[in-house]
Amino acid sequence: LFRPEQRKQVIASILGVVAMLGLLTWSGFQWSWKIPLLYYALPYLWVNIWLVVITYTQHTHPELPHYRQGEWSFVRGALCTVDHDFGSFLNARFHHIQDTHVCHHLIPNIPHYNAVEATRYLREKLGPKYYIVERASIWKAFYQTLRQCRYVEDTGDIVFYRGIGNNGGAVMKQE
């Protein structure tokens, strides 16, 4: 899984995980199990739940096509994601991970501090035909995704999610 020159980093990572588990165990015995639970485990779970929900709704959407072998290209694959606009307050609180995601896919090495401006130009250049932005609340988007994206069609080279309450998306025309 790892190259020989990465041995020191792997060992350092293992030691870091073991040290953190030791610190959490020690603090649980020292003060109470409430301390590591309230100050570590619950915030850790909260952040990761948000990340999973946002990532799931970015990559799973009834309007996003899925390309089978022969139809897929880097650009087509990169455009198979959705940006979520939660308004300026939440966009800033989430560090724009949800409203600059299409840009991240197309230009993965762009510095995060340039992603907002680049997304503005990208949205303008791609237009609504190739750029999808969801403006529903995250929970509404999550619910719709759970209902409408249950399975992918069996036939065809360009397929869409199907589910309860939808007949699939419209084909994104690629020129």
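Q: In which helix is the place of T55?
A: This is a predicted model, in which local features require pLDDT of at least 70 and side-chain atom pairs pLDDT 80 or more, while totals for chains, interfaces and linings use all residues. Residues are numbered from 1 along each chain as its sequence is written, and side-chain values use heavy atoms, without hydrogens and water. Helices (DSSP runs of H or I, at least four residues) and strands (E, at least two) are numbered from the N terminus. On this numbering, T55 lies in helix α2.

Q: Is T55 buried, partly exposed or exposed?
A: The classes rest on relative accessible area with a 1.4 Å probe and protein chains only: buried is under 20%, exposed is over 50%, and partly exposed is in between. T55 has 38% relative accessibility and is therefore partly exposed.

Q: How far apart in space are T55 and I97, C-alpha to C-alpha?
A: In sequence, 42 residues separate T55 from I97. In space, the C-alpha to C-alpha distance between T55 and I97 is 9.2 Å.

Q: Which element gives the largest share of the nonpolar patch?
A: The surface patch includes L23, W26, W31 and L45, and its members together have about 1,300 Å² of accessible area. Patch residues have over 30% relative accessible area and no salt bridge (a Lys or Arg side-chain nitrogen within 4 Å of an Asp or Glu carboxyl oxygen); nonpolar side chains (Val, Leu, Ile, Met, Phe, Trp, Tyr) are joined within 5 Å, and like charges within 9 Å. Two or more patch residues come from each of α1 (7–30) and α2 (34–59). The largest share, nine residues, is given by α2.

Q: What is the relative accessible area of L45?
A: L45, a member of the nonpolar patch, is found in helix α2. L45 is classed as partly exposed because its relative accessible area is 47%.

Q: What radius of gyration does the protein chain have?
A: The C-alpha trace spans about 60 × 40 × 40 Å along its principal axes. Over C-alpha atoms, the globule rule is 2.2 Å times the number of residues to the power 0.38. A compact globule of 175 residues would have a value near 16 Å, but the protein chain has 21 Å.

Note on methods
Areas by Shrake-Rupley, 256 points an atom, 1.4 Å probe, with all protein chains shown as cover.
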